[in-house]
There are 2 protein chains.
Amino acid sequence: MVVSRPCTAAAAFTTNKVVGPAVTVSREHIRSGKAQVLFVNAGNANTCTGRRGLRDTQAICDDIAGQLAVNPRHVLVCSTGIIGHFLPMDKVRRGVADAVEQLSRSPRTATNFAQAILTTDTRMKTSFRQLKLGSATVTLAAAAKGSGMIAPNMATMLAFVTTDACITPAMLNRAFKSAATSTFNKVSVDTHTSTSDTAVVLASGLAGNATISKTGPAYTRFAGVLHNVCDDLARQIAADGEGATCMITVRVTGAASPADAHAAVRAIVDSPLTRCAFHGADPNWGRIISAVGYSGAKFHPDKISCKIADTFVFRAGRPCRFDAAVLSRKMKAREWDVLVDLGAGRFEDFCYTCDLTAGYVKINAHYHT
Amino acid sequence: MVVSRPCTAAAAFTTNKVVGPAVTVSREHIRSGKAQVLFVNAGNANTCTGRRGLRDTQAICDDIAGQLAVNPRHVLVCSTGIIGHFLPMDKVRRGVADAVEQLSRSPRTATNFAQAILTTDTRMKTSFRQLKLGSATVTLAAAAKGSGMIAPNMATMLAFVTTDACITPAMLNRAFKSAATSTFNKVSVDTHTSTSDTAVVLASGLAGNATISKTGPAYTRFAGVLHNVCDDLARQIAADGEGATCMITVRVTGAASPADAHAAVRAIVDSPLTRCAFHGADPNWGRIISAVGYSGAKFHPDKISCKIADTFVFRAGRPCRFDAAVLSRKMKAREWDVLVDLGAGRFEDFCYTCDLTAGYVKINAHYHT
């Protein structure tokens, strides 16, 4: 992905302590607050490859900078896939040359990009929004790849947002960090944080709006739309989790602290037991409540409530009567919610997840490195 | 299970904040340091059933105490199974009467007990050891049920150890807590901590050894054998995890703190990705190292090493050459180890786990509460 001029840029990276050189190099490059080219390769994460791996990633930046006459520090790199193997650099160089040749402004080329970054994803993930800022029309267009394994080796999320908004690096960074925290960082398919997760936003400034340089109405509107784009991608990623047949939003309210809300949400979505019940369309609230029970979150057993697909199944510490067959049918929809209220405070949190299926096991067991 | 006289007793219970009345009542009863009868029912945990559930559990104790002429406070109760349903008390009373009728000292009856407590377990889990203390022969005999779901609703571990050793409550408690910490609490099948987990030891004192009332050689030897019995049961439970085809011991050494060692072990065994690779006999060390990477444990990327089934796959931060086909064959054994050395200190920890299979998903998805 190449923009006609250096863009204001912001990015969020994996929190894993083990990272590939693509993350190391991109983290370093993004410090300038500028980027112009995004290079993505799938199938090989180039992680745990030492100095040679780092040199290979730097060589990619230099190669691209030479061919496109851009600053090599304005190139960001994303490599995902198998860990512990060197990049096949001859193939990568040919790939770079091919990609440079195919550069165009056509929608078809944008679709090619969104397709090319996919791995075990079953669907393309894109998002598009526009807003008016003064008389200028600002556009945001984005593509992502999801929690499919690459090779299959690692659940890796990549998300790329482009916009022609005119905005300072500090404001773009602020808006993007806030959006990523409440969208990409709320997706959990399998607990496992990749060594390559990367989300990037590039803002070219070509829309001609008055530069957004401080908080205020223009910032708020732009940040809101940026959030919506990221949220749209995050939901598409969760819905297309490996082997998934449905997307579930798990929300915990009434927590005594943000940390409690987070802990309760994670206990629910990290339990293979709850996610198997989701798969079986089984309104098994016992698994949900017991997960909250070992989460460490504060709650009083007489005040906790749970709703599955808008139906109370447990209220103020007591089981509810409900029609299990009717509720099970609702749980067969492609999207539904689990809501747990702890009755202990005013904080809340949520997570997008999917069901755990035999398909997931098949994808991730029957493969040899 | 009934002993001919009140025994010195110790127990360990689930750390889940949501517990069934069986745990509430047994926790209260064990405070006396004495117990004589153990009542177990499967299929219904009686959890989240409010005051009526609590009264039902107390009624069971009273019923048993009446029939056997024992102190009701010397009855311990374990109920596992579905959450949120009242116990069918007529059926329970008939069960108690039946069980009382069948009481005998025969090995056949002991086997009946070990069989009766099983749920989705595929194998009976028992252990037997003897040791000499002075001229006395001390016997330990134990039975457990494992991380199979009940109903299937909850991975619940129950373990019961009996011995004729003569030992004070304080020393028995000390030995049992220590044994449980390094055995039962090191089993992870699916992250999910039950609301009913209970481990109990009863010591009748009938062996006639000099009472163990302080630390010293006799205590050390008894505690060692008690640990071995619990370890034997814990390994049997992990090996018979739902859908499991193999048992894996994950060990982390060289950690900077006990908390770091624990965090690294849990990240590895809680990842469905690593456990799918175990199932596929795939020596996919990238999943293991990346799990350590997000565990929060301290390590230097150039010092971390990993062995799978006694084969170095990653050493001092570098991938090793190994014959993947040979190693994969070793991983098809029923038991093997994963070893990660963080190279950051002198602490270590371990966990017994099993592979994640389509069988697990099947057992836990296709069931309706």
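1. A salt bridge here is a side-chain nitrogen of Lys or Arg within 4 Å of a carboxyl oxygen of Asp or Glu. Keep that cut-off in mind for the pairs below. The model is predicted.

2. Start with a pair inside one helix. B:R93 forms a salt bridge with B:D90, and their closest N and O atoms are 3.6 Å apart. Both residues sit in helix α3 (residues 89-102) of chain B. They are three residues apart, about one turn of the helix. B:R93 has 40% relative accessibility, so B:R93 counts as partly exposed. B:D90, at 54%, counts as exposed.

3. Now a pair that spans the sequence. In chain A, the salt bridge between A:R251 and A:E348 has its closest N and O atoms 4.0 Å apart. A:R251 belongs to strand β8 (residues 247-255) and A:E348 to strand β13 (residues 347-354), so the bridge ties together parts that are 97 residues apart in sequence. A:R251 is partly exposed, at 29% relative accessibility.

4. B:R251 and B:E348 meet in a salt bridge at 4.0 Å, N to O. This pair links distant parts of the chain, strand β8 (residues 247-255) and strand β13 (residues 347-354) of chain B, with the two residues 97 apart. B:R251 counts as partly exposed at 30% relative accessibility.

5. Other charged groups deserve a look. A:E28, A:R31 and A:R73 are linked in a network of salt bridges. Over all chains, the count is 20 salt bridges.

6. How many salt bridges cross the interface of chain A and chain B? The rule finds zero. On the chain A side, α8 (272-279), α9 (285-293), α10 (324-330) and α11 (358-365) each supply at least two residues. α9(A) gives the largest share, seven residues. The residues on this side divide into 28 nonpolar, 21 polar and six charged.

7. The extent of the interface is as follows. 55 residues of chain A contact 55 residues of chain B. The buried area is about 4,300 Å², and carbon and sulfur atoms give 61% of that area. A:K17, A:H192 and A:L273 supply 14% of what chain A buries against chain B, more than any other three residues.

8. Last, the fold of chain A. The chain has 11 helices and 13 strands. Its C-alpha trace spans about 70 × 55 × 35 Å along the principal axes. A compact globule of 369 residues would have a radius of gyration near 21 Å, and the 22 Å of chain A agrees. Of the 369 residues, 58% count as buried.

Terms used. Residues are numbered from 1 along each chain as its sequence is written. Chains are lettered from A and ligands numbered from 1 in the order in which they are written. This is a predicted model: local features need pLDDT of at least 70, side-chain atom pairs count only at pLDDT 80 or more; totals for chains, interfaces and linings use all residues. Side-chain values use heavy atoms; hydrogens and water are left out. Contact means heavy atoms within 4.5 Å. Buried area is the accessible area (1.4 Å probe) that two parts lose on being put together, summed over both. Helices (H or I, at least four residues) and strands (E, at least two) are DSSP runs, numbered from the N terminus. Ala, Val, Leu, Ile, Met, Phe, Trp, Tyr, Cys and Pro count as nonpolar, Asp, Glu, Lys and Arg as charged, and the others, Gly among them, as polar. The radius of gyration is taken over C-alpha atoms; the globule rule is 2.2 Å times the number of residues to the power 0.38. Buried means under 20% relative accessible area, exposed over 50%, partly exposed in between (1.4 Å probe, protein chains only).
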